[in-house]
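Trainee: I have a new model open and would like to learn how to read it. Could you take me through it step by step?

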Amino acid sequence: MGWVRLSVSAVFLLLGLLVFLAATVGVNKFKRALNRMHAAALGDTLGILFMILGLVIWKGLSFASFKLLLVVLFFWLASPVAGHMISRLEVMTDEDLGEIEVEHREDI
């Protein structure tokens, strides 16, 4: 039974690692600050959920796992608020935010 729990927790840890990797690529790939923030916020909340869920499964139900779940709850409450405040600052201070980049293709 211990191998099953270890393998399930390893799957969740690897899934969280992949989400963090995708968020890192998104943060570095996107050009606009709001798009980068969106990738970072989604990566944080989903990646932390998978990582801490993997740790909870690995540790089992205990007081330590309860504290880990409280960390997830804190991140779920704090991350959207912080992201919203930073995005409002970006909207208020960026003069070029209203410009839309349009690609014109001649072969269509």
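Trainee: Which secondary structure elements make up the protein chain?

Mentor: This is a predicted model, and the protein chain has 3 helices and 0 strands. Along the sequence the pattern reads α-α-α.

Trainee: How do I judge the span of helix α2?

Mentor: Set the distance from first to last C-alpha beside the span expected at 1.5 Å a residue. Helix α2, residues 33–59, has 27 residues and reaches 38 Å, close to the expected 39 Å. After α2 comes G60, with a positive phi near 90°.

Trainee: Which residues of α2 are buried?

Mentor: Buried means under 20% relative accessible area. In α2 the buried residues include G43, G47, I48, F50, I52 and G54. Among the elements covering the buried residues of α2 are α1 (2–29) and α3 (63–93).

Trainee: And what share of the whole protein chain is buried?

Mentor: Buried residues are 19% of the 108 residues. The protein chain exposes about 8500 Å², with carbon and sulfur atoms supplying 71% of that area.

Trainee: How many aromatic pairs are there?

Mentor: Ring centres within 6.5 Å make a pair, and planes over 60 degrees apart count as edge-to-face. The count here is 3 aromatic pairs. For F74 and F75, the ring centres are 6.0 Å apart and the planes lie at 70°, so this pair is edge-to-face.

Technical notes
Residues are numbered from 1 along each chain as its sequence is written. This is a predicted model: local features need pLDDT of at least 70, side-chain atom pairs count only at pLDDT 80 or more; totals for chains, interfaces and linings use all residues. Side-chain values use heavy atoms; hydrogens and water are left out. Helices (H or I, at least four residues) and strands (E, at least two) are DSSP runs, numbered from the N terminus. Buried means under 20% relative accessible area, exposed over 50%, partly exposed in between (1.4 Å probe, protein chains only). Accessible areas come from the Shrake-Rupley method with a 1.4 Å probe; for residues, only the protein chains shown count as cover. The expected span of a helix is 1.5 Å times one less than its number of residues. Contact means heavy atoms within 4.5 Å. Rings of Phe, Tyr and Trp (its six-membered ring) pair if their centres lie within 6.5 Å; planes under 30 degrees apart count as stacked, over 60 as edge-to-face and the rest as tilted.
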